[in-house]
Amino acid sequence: MQRIALILPFAVLALLVSGCKSAARGHAGPVPDPVLDTGHRRPLPPPNRRPVARRKVAPKKPVRRVAGVPGDWYPTAGIRKDRWQCIVVHHSASPKDSPESMHRYHLSQKKWPNGLGYHFVIGNGVNYPDGAVFVGKRWKQQITGAHCKSGNGRFFGTWRQRNYFNTHGIGICLIGNFENNRPTAKQMQSLRRLIAFLTPEAKINPARVYGHGEITRKTACPGRLQVAALRRSSGGINAAAR
Ligand SMILES: [Zn+2]
């Protein structure tokens, strides 16, 4: 008992001292969080590690261009082959027209937001160079034309919905009044060339090259321009027979 009495104070003292020590250690600084403390020691990359491969992007298909065809005949985003099904030929009804004058008229008088209703205009040498092909915004953007209104009905033996010829028809206008005059040789040359380009590129059957009046039966447009002969020369008969 005496021995215990002797040891006890020492034991208590030892406990107090060690307790103080641990308490002192506890207040020395924050205890590092084992999860958050990354110790800013990033693991070194393994030797010869390859850089992360970039996601592969499919290369854009290059547009196949026909030699000798003006570059602006190809719209930047390509031709919407699913959209175009026929070509509608017009005359402007005045030899003094130009693509710009017609654009202004369609914009301010007709109030068409996109202006010029045709996709292409071919000059006659008066206010636009003879045979020069003007490429309209509607072709560049592959959007619907405003050149040949039509209702629901049968056309050339097939049922067509209202406005079919504006929605699916490429409008080409030759400057001039072909009720009084004939188109110039250069205009016809450019028209044939344009049709020869468009029919395969836009996947249009050459039998579907029409004159405005053939569709609506309400206009003399395009006057004396022989659209039937144009169809024949562009392979329309052969295509129609297929
Ligand atoms: Zn017309």
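This is a predicted model: local features need pLDDT of at least 70, side-chain atom pairs count only at pLDDT 80 or more; totals for chains, interfaces and linings use all residues.
The protein contains eight helices and seven strands, and buried residues account for 28% of its 242 residues. Among contacts between residues at least 6 apart in sequence, 67% link residues that are at least 24 apart.

Five of the strands form an open sheet in the order S3-S2-S6-S1-S7, in which the pairing is mixed. From one strand to the next, the twist averages 25°. Helix H5 packs on this sheet, where it touches S1, S2, S3, S6 and S7, and its direction makes about 170° with that of S6.

The pairing of S1 with S6 is parallel and comprises six bridges; Cys86 has Gly169 in S6 as its bridge partner, while Val88 stands opposite Gly171 of S6. S2 and S6 likewise pair in the parallel sense, here over three bridges, and the bridge partner of Ile122 in S6 is Leu174. In a regular strand, side chains alternate between the two faces of the sheet. Strand S6 is mostly covered, with six of its six residues buried, and this holds for both of its faces: Gly169, Gly171 and Cys173 are buried on one side, and Ile170, Ile172 and Leu174 are buried on the other.

In soluble globular proteins, nonpolar side chains tend to be buried together. The largest nonpolar core of the model has 34 residues, of which Ile87, Val88, Phe120, Val121, Ile122 and Ile172 touch the most other members. The elements that contribute two or more residues to this core are strands S1 (86-91), S2 (120-122), S3 (133-135), S6 (169-174) and S7 (209-211), together with helices H4 (164-167) and H5 (185-201). The surroundings of Phe120 illustrate how such elements meet: when its neighbours within four places in sequence are left aside, Phe120 is in contact with Val133, Phe134, Val135, Gly136, Trp139, Ile172 and Leu194. Ile172, one of these contacts of Phe120, is itself among the core residues that touch the most other members and is buried on one side of S6.

Technical notes. Residues are numbered from 1 along each chain as its sequence is written. A nonpolar core is a set of buried Ala, Val, Leu, Ile, Met, Phe, Trp, Tyr and Cys residues joined through C-beta atoms within 7 Å. A residue is buried if 20 or more other C-beta atoms lie within 10 Å of its own, exposed if 12 or fewer, and partly exposed in between; C-beta atoms are placed from the backbone. Helices (H or I, at least four residues) and strands (E, at least two) are DSSP runs, numbered from the N terminus. Two residues are in contact if their C-beta atoms, placed from the backbone, lie within 7 Å. Two strands pair if DSSP finds at least two bridges between them. Axes are lines fitted to C-alpha atoms, for helices over the stretch in contact, and angles run from 0 to 180 degrees between N-to-C directions.
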